[in-house]
Amino acid sequence: MNTRTRGTDVPVPHLAESLVSATVGKWLKQPGDYVNQYDVLCELITDKVNTEMPSPVEGVLLEILVQEGETAAVGASICRIEEPGSAGEEGASLTGGHGAAGAAVLSSGAEDAGGEGSMRSRFSPAVLTLAGEHGIDLSQVNGTGLGGRITRKDVLAYLEAGKPVRKPALAPSPAAGTTPAPAPAPAAAPMAKATEQVRTTGIHLSEHPPIPKVEVEGGNEREYYIDVTPIRNTIASRMRQSVTEIPHAWTMIEVDVTNLVTLRNKLKDEFIRKEGVNLTYLAFLLKAVVNAIKDYPIMNSVWAVDKIIVKRDINISLAVGTEDSVLVPVIKKADQKNIAGLAREIDELGRKGRSGKLTADDMVGGTFTVNNTGSFGSILSYPIINYPQAAILTFESIVKKPVVIHDMIAVRSMVNLCLSLDHRILDGVICGRFLQRVKENLEGFNAETKLY
Amino acid sequence: MAVITYLEGIRSAMQEEMERDATVFVLGEDVGKGGVLNATKGLRDQFGEERVLDTPLAESAIAGAAIGAAMYGMRPIAEMQFADFILPATNQIISEAAKIRYRSNGDWNCPVVIRAPYGATGGSALYHSQCPESVFFGTPGLKIVAPSDPYDAKGLMKAAIRDEDPVLFFEHKKCYLSITEDVPEDDYIVPIGKAKVKREGTDITVISYGLTVHYALKAAEELSKEGISVHVLDLRTLQPLDKDAILEAVRKTGKVLIIHEDNKTGGVGAEVSALISEELFFELDAPIMRLCGPDIPAVGMAPTIEKFFLLNPDKAKEAMRTLALI
């Protein structure tokens, strides 16, 4: 058990409850004597008992460490015995049990991990907090932690220095370290092990560490860089997740909304006077969509590999664009609201979205997404599903077109509705029926339709 | 000033309080002749057997009698011979002592001190080595202290005796004779609910209580030679935890290791760790780590198993170094 290179230490044994030390009485063996196991080495005197100390091992008594009359703590060595066959190796070490070897491996691993290791882009909350407070570009900070991780101390040191401090010579020579350098080859394996075990949670996010808002720098006369904001980063990872995980399919339908246009024109002035918000086409569309989802609830579902989860509440995610991002706040329980209520919700979420006042609560629970792409002039779009929902519908621009009705050409207000669908859950037939129902609902709005 | 042991700290606190206040008395198994661990040695000679009561071998009765006396105006100090044997008294402690103030809407209170010598000294196996503090830790209405040095042992014992509510006094047996310190002669108390910084440092924070504080300090001393600077906080009181001191200590380094001898699951470290992540998540620079006894029923008798089971300065050092290098 003990790996002394020269001599085995003989410690004071634990003699009784609460005893922490013992005094050596008479030494019965002297240095140079050959000792058999269980031979009495010396007398031990304590508050409770006086006892004879048997030798735990066989060998030559090398050295007496505690003289007669001196006191030693329990566990401390009183003498050293050289066991047969252990002679010849140099460098007696007094310290270290099993712990020391493992620790040495750890420290050498960290010493060598100066290269851009796998922990380079793993940021602790403390590091992100500091970087955010001081506007630090973490790519400029030298990481001295395990696997090249940037530690809190590194950020503080960077702040104190006031300038980038790149680590000199990224481990071409391990001998540069402050501790005696181990051979590079054996050190490589423990290092890999040490870097793996640190964190195992956060499967999706860990691939895309949150990137703090950083100053724009770098570039040349032909190109320049803009920062990836945290929200841009979130959008990017969500979009990629949706596109890679969901097999998208796409379909479109054309709807005649001439009657709806007439209806809205009739009501809109009075509505804004009474309610203080705009009566938009989108409110009517939402009503038509929600009622169609009620008839085809499978549109309101989530793929869960071994099952399909159909949501009972119809919560409509509404895409709200700003200059540099898009957010999807949610109209909760949209099926329980009338057209006026939906118009009010649309107005409120749009206003909060553009002024950056949306809260986390506003963004959760969506079951189906509607995007009013017509508001920026589009007549056709191919939307990406708002993961993990089953489908997304866009409402394009309303355009006056010549349309053939009963073999006559008429000028009608037409609009396209585009639908992207998760083909694992939905197929053409069901989506066709769903879109037909939305179309019927929209075309069914007429002068008689009630807003409340 | 006088250099005294941890055990003498506890004994002299009881002695001085008994001199100061006639309502203070001790009771327990064999306390008359000093108790098996010598904590009450000499008290019967000084105060007589009416104030140093030998009891039957029945912890429920010791705690129950002490609680009754406390509610009637006395200030008893009940000794559990070993903390391992406190379990028969848990019903009295948790259901009666801890709840009486609340249950009586403040009409009654229970200023009892229950002493529980705990922890492994080595070679004592399962019935003389346990750390049962987590059994009581989540009980509102109880105060729990666990000093690590003679100064705190004495000051906290005095504070516990003078406290108007029940205090569980966990004293680590291995500290009894191994930890000595200069302690002032004058009458002082260490307030319950206050932790103490034992060492200032900047790289990692270690939070501990009892014997393992000394392991942490020893390891910290050795690590300082490797250039690792360790901040050590001694909780001293487990219930109520000194939240401010814990948060302040963690804030210093952003890396925290909690060390205790009691087993890991459901231990004091779990609560301290939860507290830190609730309050200081955005200031953490590494996962909160714990070094605790393993989740095994109790320490084994065989030296090999004991060595595996018990913490020591080497294990502390290794864990501290690992955290420092992250």
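Which residues is Val145(B) in contact with, leaving aside its neighbours within four places in sequence? They are Leu156(B), Ala160(B), Val167(B), Phe169(B), Phe170(B), Ile192(B), Arg236(B), Thr237(B) and Leu238(B). Contact here means C-beta atoms, placed from the backbone, within 7 Å.

1. Basis. This is a predicted model, where local features need pLDDT of at least 70 and side-chain atom pairs count only at pLDDT 80 or more, while totals for chains, interfaces and linings use all residues. Residues are numbered from 1 along each chain as its sequence is written, with chains lettered from A and ligands numbered from 1 in the order in which they are written.

2. Chain totals. Chain A has 10 helices and 18 strands; chain B has 13 helices and 14 strands. These are DSSP runs numbered from the N terminus: H or I of at least four residues for helices, E of at least two for strands. Of the 452 residues in chain A, 31% are buried. In chain B, the figure is 56% of 326 residues. Buried means 20 or more other C-beta atoms within 10 Å of the residue's own, exposed means 12 or fewer, and partly exposed lies in between; C-beta atoms are placed from the backbone.

3. Cores. The largest nonpolar core has 120 residues, and Val145(B) is among those with the most contacts inside it, as are Ile114(B) and Leu257(B). Helix 9 (residues 211-224) of chain B gives the most to this core: eight residues. Apart from it lies another core of 54 residues, including Ala283(A) and Ile346(A). A core is a set of buried Ala, Val, Leu, Ile, Met, Phe, Trp, Tyr and Cys residues joined through C-beta atoms within 7 Å.

4. Open sheet in chain B. Seven strands run in the order 3-2-4-5-7-6-12, with mixed pairing. Strands 3 (52-54) and 12 (237-239) of chain B stand at the edges with a single partner strand each, so one side of each has no neighbour in the sheet. Pairing requires at least two DSSP bridges between the strands.

5. Strand 13 of chain B. Seven of the eight residues of this strand (residues 256-263) are buried, so the rest of the structure largely encloses it. It pairs in the parallel sense with strand 10 (residues 204-208) of chain B over four bridges. Val206(B) has Leu257(B) as its bridge partner. Strand 13 of chain B also pairs in the parallel sense with strand 14 (residues 289-293) of chain B, over five bridges.

6. Helix 13 of chain B. 13 of the 13 residues are buried, so this helix is largely enclosed by the rest of the structure.

7. Backbone checks. Most residues other than glycine have a negative phi, and most peptide bonds are trans. The bond from Tyr387(A) to Pro388(A) is cis, with omega near 0°. Pro388(A) lies in the loop between strands 16 (368-371) and 17 (391-405) of chain A. The bond from Gln239(B) to Pro240(B) is also cis. Asp30(B), not a glycine, has a positive phi of about 65°. Asp30(B) is partly exposed, with 15 other C-beta atoms within 10 Å. Asn105(B) has a positive phi near 55°. Asn105(B) is exposed, with 7 other C-beta atoms within 10 Å.

Conventions. Two residues are in contact if their C-beta atoms, placed from the backbone, lie within 7 Å.
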